[in-house]
Amino acid sequence: AAMDLDQTALFKQYETDYCNKSTDISRKINGVPSLVGDQRRSKAAEIEAELRSADTVIKSMDMEARQLPQTVAAPLLAKVKEYKADL
């Protein structure tokens with residue numbers, strides 16, 4: 001089990017990064033309705049960039065999980081699929 005923990009350490013780092021980004025993006029999206037004009041466009045561009053960044057993290061998680069043994073990878077890939085759907 002200790003080896004499994006080491007194998008998934010990088011995945012868990014990516015996952016933490018993704019969750020932080022996701023929370024941040026949600027917070028920013030919730031603030032958009034109160035903005036107008038250039039502020040709104042600027043915030044939308046910022047959110048788009050963060051979505052691309054979060055997508056990159058998901059791709060890294062996917063690649064990392066696929067390098068692990070099937071028994072370890074299966075639940076991780078299920079998480080990746082959920083995250084992709086959320087994004």
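This is a predicted model: local features need pLDDT of at least 70, side-chain atom pairs count only at pLDDT 80 or more; totals for chains, interfaces and linings use all residues.
Local features need pLDDT of at least 70 and side-chain atom pairs count only at pLDDT 80 or more, while totals for chains, interfaces and linings use all residues. Numbering runs from 1 along each chain as its sequence is written, and side-chain values use heavy atoms, without hydrogens and water.

Start with the fold. The chain has three helices and zero strands (DSSP runs: H or I of at least four residues for helices, E of at least two for strands). Its pattern along the sequence is α-α-α. The radius of gyration is 16 Å, well over the 12 Å that the globule rule gives for 87 residues, so the chain is more spread out than a compact globule. That radius is taken over C-alpha atoms, and the rule is 2.2 Å times the number of residues to the power 0.38. The C-alpha trace spans about 55 × 20 × 15 Å along its principal axes.

Now look inside. Of the 87 residues, 28% count as buried (under 20% relative accessible area, 1.4 Å probe, protein chains only). The largest nonpolar core has 16 residues. Such a core is a set of buried Ala, Val, Leu, Ile, Met, Phe, Trp, Tyr and Cys residues joined through side-chain atoms within 4.5 Å. Phe11, Tyr18, Met61 and Leu76 touch the most other members. Helices H1 (2–31), H2 (37–66) and H3 (70–86) each supply at least two residues. H2 gives the most, with six.

Take Phe11 as a close-up. Leaving out residues up to four places away in sequence, Phe11 touches Met61, Glu64, Ala65, Leu76, Lys79 and Val80 (contact: heavy atoms within 4.5 Å).

Terms used
Buried means under 20% relative accessible area, exposed over 50%, partly exposed in between (1.4 Å probe, protein chains only).
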